[in-house]
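The sequence and model are shown first.

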Amino acid sequence: MRFPSAMEKYNNTVVEFILVGFTTDPVMQLVLFVIFLAVYAITVLGNSTLIVLICNDFRLHTPMYFFIGNLSFLDLGLSTVYTPKILVTCISEDKSISFAGCVAQFFFSAGLGYTECYLLAAMAYDRYMAISKPLLYSQSMSLKLCAFFVAASYLGGLINSFIITKDTFSLTFCSDNVIDDFFCDIPPLVKLACGKKGSFQSVLFFLLASNVIIPIVFILASYLFIIATILRIRSTQGRLKAFSTCSSHLISVTLYYGSILYIYARPRSSYSLDRDKIVSTFYTVVFPMLNPLIYSLRNKDVKEALNKLFK
């Protein structure tokens with residue numbers, strides 16, 4: 001007796017998927033290869049440098065930079081999950097990805113993405129404590145509490161990733177295996193499914209609420225308290241200084257959550273895969289490159305640590 005493999009257990013028809021990518025024009029594919037390679041190189045260099053600076057410079061051993069270092073690690077992982085396969089797809093005639101490879105890419109991308117959602121919420125609480133209760137900041141945001149926030153973010157992200165991965169690849173995929181995208185994502189995979197999708201949509205909306213909506217509500221509440229605190233500061237210079245400490249995080253939250261909500265929070269009837277490819281590229285490839293710039297360009301401590309490293 002032969003037991004079915006994990007792949008066959010999920011699906012009896014599709015054993016691989018074909019990633020269409022962005023274009024079939026060979027010249028444009030080469031151009032995209034160069035662009036994505038440059039973006040990936042900048043992403044790896046920027047995030048790796050930021051992690052090294054935070055680890056090596058004692059001035060950056062604070063709760064805020066502890067979270068930023070973990071955010072850089074997540075961005076490094078998220079970009080690595082997607083970009084190498086995109087580069088191969090751009091220059092190779094073989095556009096296929098195995099069923100198991102698609103499952104792995106989906107699981108790790110969802111896990112890292114969900115973890116980042118929780119981590120950004122934890123960073124909002126950190127900014128609230130820094131601005132609203134500066135005298136108690138060091139005592140309240142202890143290393144133990146920061147480590148708990150990070151560990152809880154990873155645990156929540158991985159658990160939810162397991163749930164959505166299991167439910168997505170439990171769908172029945174019929175003969176069509178062409179994914180009109182550059183990676184394995186929910187909208188194109190659901191479009192290929194030919195089985196019942198009602199229960200899956202319920203799970204998807206639950207995960208959207210728990211991983212995106214709830215963190216957004218927490219972040220908005222934190223910033224309401226932050227704004228209330230800033231308005232109580234009498235001097236204009238003091239208000240600007242307080243706001244500048246959370247401006248980078250606010251930009252990061254707006255860009256990340258904005259693109260995710262655009263992709264996953266719309267009615268299924270309004271999906272446009274061509275338009276969604278551009279938005280997906282932003283939060284999967286471009287955003288991880290921007291984060292080190294967002295958190296370092298206007299940051300005096302990071303600039304000084306960078307100068308010290310080069311000297």
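In this predicted model, helix α4 and helix α9 (residues 236-264) pack at an angle of about 160°, and their axes are 10 Å apart. The two helices, α4 and α9, are therefore roughly antiparallel to each other, since an angle over 145 degrees counts as such. Where α4 passes α9, the crossing is left-handed.

**Overall architecture**

The chain contains eleven helices and three strands. Along the sequence, these elements follow the pattern α-β-α-α-β-α-α-α-β-α-α-α-α-α. Of its 311 residues, 48% count as buried.

An unreviewed UniProt entry places the feature "transmembrane region" at residues 30-53, 65-83, 103-125, 145-164, 205-231, 243-265 and 277-297. For two of these annotated spans, the extent in the model can be stated. Residues 103-125 are 100% helix and 0% strand, with end C-alpha atoms that lie 34 Å apart. Residues 205-231 are likewise 100% helix and 0% strand, and the end C-alpha atoms of this span lie 37 Å apart.

**Helix packing**

Two packed helices are described by the angle between their axes and the distance between the axes.

| Helix pair | Angle between axes | Axis distance |
|---|---|---|
| α2 and α3 | roughly 160° | within 9 Å |
| α4 and α6 | about 145° | 7 Å |
| α4 and α9 | about 160° | 10 Å |

Helix α2 covers residues 26-56 and helix α3 covers residues 63-91. From their crossing angle it follows that α2 and α3 are roughly antiparallel to each other. The crossing of α2 and α3 is left-handed. The residues of the contact of α2 with α3 comprise 18 nonpolar, nine polar and one charged.

Helix α4 covers residues 99-132 and packs against α6. The crossing of α4 and α6 is right-handed. In the contact of α4 with α6, 15 residues are nonpolar, nine are polar and none is charged.

**Helix α6**

How many Å should the 26 residues of helix α6 span at 1.5 Å a residue? Helix α6 (residues 143-168) should span 38 Å, and its end C-alpha atoms are 37 Å apart, which agrees.

The buried residues of α6 include Cys 146, Phe 149, Val 150, Ser 153, Gly 156 and Gly 157. Further along α6, Asn 160, Ser 161, Ile 164, Thr 165 and Thr 168 are also buried. An α-helix has 3.6 residues a turn, so residues three or four places apart point the same way.

**Individual residues**

Thr 80 is found in helix α3. Is Thr 80 buried, partly exposed or exposed? With a relative accessible area of 38%, Thr 80 is partly exposed, because partly exposed residues fall between the 20% limit for buried and the 50% limit for exposed. The C-alpha atoms of Thr 80 and Ser 109 are separated by 9.4 Å, although these residues are 29 residues apart along the chain.

Ala 121 has its place in helix α4. Its relative accessibility is 7%, so Ala 121 counts as buried, the cut-off being under 20%. Ala 121 and Val 217 are 96 residues apart along the chain, and their C-alpha atoms are separated by 9.0 Å.

Conventions. Residues numbered from 1 in each chain as written. Predicted model: local features only at pLDDT ≥ 70, side-chain atom pairs only at ≥ 80, totals over all residues. Heavy atoms only, no water. UniProt positions renumbered as here; feature names shortened; annotations may be inferred. Helix = DSSP H or I, 4+ residues; strand = E, 2+ residues; numbered from the N terminus. Axes fitted to C-alpha atoms, helices over the stretch in contact; angles between N-to-C directions. Parallel < 35°, antiparallel > 145°, perpendicular 65-115°, else oblique. Left-handed = near helix turned anticlockwise from the far one by under 90°. Nonpolar A, V, L, I, M, F, W, Y, C, P; charged D, E, K, R; others polar. Expected span 1.5 Å × (residues − 1). Buried < 20%, exposed > 50% of the residue type's maximum accessible area, 1.4 Å probe, protein only.
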